[in-house]
Amino acid sequence: MFSASAESFLRQAREIHEEELRRFAGRVSALLQGPEPGAEAAEGLRRLHLTVAATKYPRRLDGKFVELLQTVLCSPKSPEQVQVLCAAILREMSPCNDLILRCDEIQDTKLLSLVSSVLLAQGNKKGEVAAVGQRVVKVLEGRLPEGQSALLLLPVLANVISLSPESLTEEQTDAVSRKLADWLRYASTQQGIVQPSGGFFSSPRTKQPAPVTEVDGAIATDFFTVLSVGQHYTQDQWLNVQAFSMLRNWLLFYGGQEGKAPNPGMDRSVTSMVSTTSTSSRLLPPKEHLREKAFEYCQRLIEQSTRRPLKKDDGDLQRACLIEAVTIMDIICKQDSSYVYRAVSFLKILHGRICGDATYARALLPIAQFFLNHSKLAAVDSDAIYKHLFTDIPAQLFHNPSLAFEFVQFCKDNSQLFTDTSSIFRQSFPNLFKFLAWNSPPLISEFVDLLPFLLDADTAIEIFHLLLDLPCLTAALDIQLRAAALPTSEKATSDPVVKPATCLEAFRHPLYKSTFQHLLRTRSAPQDTPESLIPLRQLLGSLAGNPRVVQCAETVPVLLELFFRVVAESADGSLINQLVVLLLQRSDQLYEIPTFKDDVYRVLSSQLAMLCKLHPALVVELSTEILEFSGAVSNIQSKEPIFTHVVWAVGEYLSVSYDKRCTVEQITRFFETLEAVLFEITQLRPLASTPSCAPRAISVLMATLTKLAARSQDLIPRVSMFLSKMRTFVQSPAVTSVYCEEDLEEILIRATELMNLLKMPSVAQFVFNPPMDVASTRLQREVNDSLPLALRMVTHLLEPASGCTPV
């Protein structure tokens, strides 16, 4: 957040109009054209920079003024502050059509750095990136004049290789590789000389340089690295730091042409020694020489990370450098496999040292990445490393947002590799979902990519349960954190006789212990799933309004749709049957968040239709479960979307056309059950209020009964009589007080259409049960998809005077 004064300055800068900006630029132009731009010119440039940078849209400056800025920038008479401000304004104006800057002849490294920053901001329209890269490398290759430093050019070179790595030739990359190797390995181990200030109390003699130290205060006895500590650094030490900062990208872009694999007949240890001996490293080609020095540098950093730092900031730096060092070693081993054998034992020891320290959790990711990439070549078993990573880290550090993102990103990047090499990845999905439960919605896009790799026939059922219980998991994690923060005196186990009054008490209560343990499990436990979490869901109801729980609930519908889409690609009939049964059961067992339940019902109902289409025989195979669900009137009001789709599926797929096992007895049993439900919700009770059911449910029940009657024509009189009574139903005062006129009219129209269709049983049978050779035609598909159209056509044939016309 900006301070009030800063906000005021920004507001003023944004409100300056073009004409006022033009006049102000004119005044600045006059100051810049003076004999020597001074403090007043610098102040004008500062205000001008704020003005052009304060808005999202580009400000327009006169072409002549832009040309003047370039002239002043390149003038040797211009003060450094003025040059910096000119370059900053030109960058804000980029891409700039009036640019005439060139870097071909610039020798001064400060000016080259400023001009390059402007050129790189142009977007490489005219090959600016390549021109900058060529010039920077040429200056680095030569001997720099007195007072010049390569320090200013390495950041420019880093930008060049990020924007356009192909702009450098192989000769140039070889030259820079030699420089980087020397900067990494041969920086001074003595601190810089402190020049006397010349004040009254200053010593006339220059102090002798002291050696650099380690983070624990010991004198450094090995070569200088970014973790070496000193009060004053020399130029080559700063170059060492900068070289390390750009080393990873340099190796990725220019470390190619992977080294030869070791001779199978040669001893591995001998191969490693021959390839990395210091005396022979200078004779290696530049890329291999750089790899050698970079590997030594990373080894030194890892050794330095074992020291106990005197300052907290040094500890943070140790961990950051450790992550970078392991990542670079991984890259080097990809490019030259002879390094793998040295790195494996080294990193095994490192993992054993840091795996128990939560502050080093992020460093475990590149270590695991290394073993994923190289354990097969090194013939080592890495399951212990993966097991610790997937078991302990998510369970302990799910609440760390940056680690959560990096962990899930790591899983996503390696999902294919994990599924091919280790079962631990899929077995640990309950732990991985803790990251999503606590950090949604920021991680939703990552889990959309990750979920298909976690799903298979063995995990589908458990993941379905887990997705529906994801908000409960968020609430349980919240309680777990709060319970861990309690004083030791309050962590005693609760009295098993006394019912817990709060969630925190329940967390330690024997009655809920196993349920919490299942919800917070770290590995897959398909055989250990409790039959119901209803008591715990009720207990966690007090957290239903928690913002984190609500946010998590909003991600569930997205993942549920993805879940069914993935399952549909490979699921067999057995798995589909299991999912349908669970879908019906779990619709009663959801966390009590109103919008959450509505969204889940919407998804489950649409996916139920998809599952039935994939495996129509499930209506016959699950007839008991479907009858039980569709026969409960309470399901209409509480779960109308699911109820409606279940009834629709019965009417659509309970047919011998879809399953030869379908019998007249089954059709009759379904008919009688649904007939009783429709009678229950449409009967008129003088002394009781009429239950308010969705008009869609009534219409679907009528249509399904009609379809079943068309397949067993003995039922036609019963359904026809029922449909004929619908006019009495919709005209009842008790009903008209509950439903709107449009809904009642729609119900009556549908009843009339269905009754008319049943007057022609053969037509009804053709519409609802077409022969298989007709059912697959486009015409029949369109009729099935638009049943109201077919009904209106029949009504038009039977009642031409009614004025009904097909639409």
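Predicted model: local features only at pLDDT ≥ 70, side-chain atom pairs only at ≥ 80, totals over all residues.
Two packed helices are described by the angle between their axes and the distance between the axes. Helix α24 (residues 470-484) and helix α28 (residues 547-570) have axes that come within 8 Å and cross at roughly 155°. Because angles over 145 degrees count as roughly antiparallel, α24 is roughly antiparallel to α28. The crossing of α24 past α28 is right-handed. On the α24 side, the contact is made by L470, P471, T474 and A475, and on the α28 side by R548, V549, C552, A553, T555 and V556. Sorted by class, this contact of α24 with α28 comprises seven nonpolar, two polar and one charged residues.

A second pair consists of helix α32 (residues 623-630) and helix α34 (residues 640-653), which pack at an angle of about 130° with their axes 10 Å apart. The two helices α32 and α34 are therefore oblique to each other. In this case α32 passes α34 in a left-handed crossing. Residues I626, F629 and S630 of α32 meet I642, F643, V646, V647 and V650 of α34. The contact of α32 with α34 has seven nonpolar residues, one polar residue and no charged residues.

Residue R537 is located in helix α27 (residues 534-539). Its relative accessibility is 7%, so R537 counts as buried. Although R537 and P471 are 66 residues apart along the chain, their C-alpha atoms are separated by 9.8 Å. When neighbours within four places in sequence are set aside, R537 is in contact with D469, C472, R586, Q589, L590 and Y591.

Across the whole structure, 30 salt bridges are found. One of them joins R521 to E462, with the closest N and O atoms 3.0 Å apart. R521 lies in the loop between α26 (510-519) and α27, and E462 in helix α23 (residues 460-468), so the pair ties together parts that are 59 residues apart in sequence. Both R521 and E462 are buried.

A further salt bridge connects E652 and K707, whose closest N and O atoms are 3.2 Å apart. This pair links helix α34, which holds E652, to helix α36 (residues 695-711), which holds K707, across 55 residues. E652 is buried, with a relative accessible area of 17%, and K707 is buried, with a relative accessible area of 7%.

In the salt bridge between E675 and R718, the closest N and O atoms are 2.6 Å apart. E675 belongs to helix α35 (residues 664-682) and R718 to helix α37 (residues 716-724), 43 residues apart. E675 is buried at 16% relative accessible area, whereas R718 is partly exposed at 35%.

Note on methods. Residues numbered from 1 in each chain as written. Heavy atoms only, no water. Axes fitted to C-alpha atoms, helices over the stretch in contact; angles between N-to-C directions. Helix = DSSP H or I, 4+ residues; strand = E, 2+ residues; numbered from the N terminus. Parallel < 35°, antiparallel > 145°, perpendicular 65-115°, else oblique. Left-handed = near helix turned anticlockwise from the far one by under 90°. Contact = heavy atoms within 4.5 Å. Nonpolar A, V, L, I, M, F, W, Y, C, P; charged D, E, K, R; others polar. Buried < 20%, exposed > 50% of the residue type's maximum accessible area, 1.4 Å probe, protein only. Salt bridge = Lys/Arg side-chain N within 4 Å of Asp/Glu carboxyl O.
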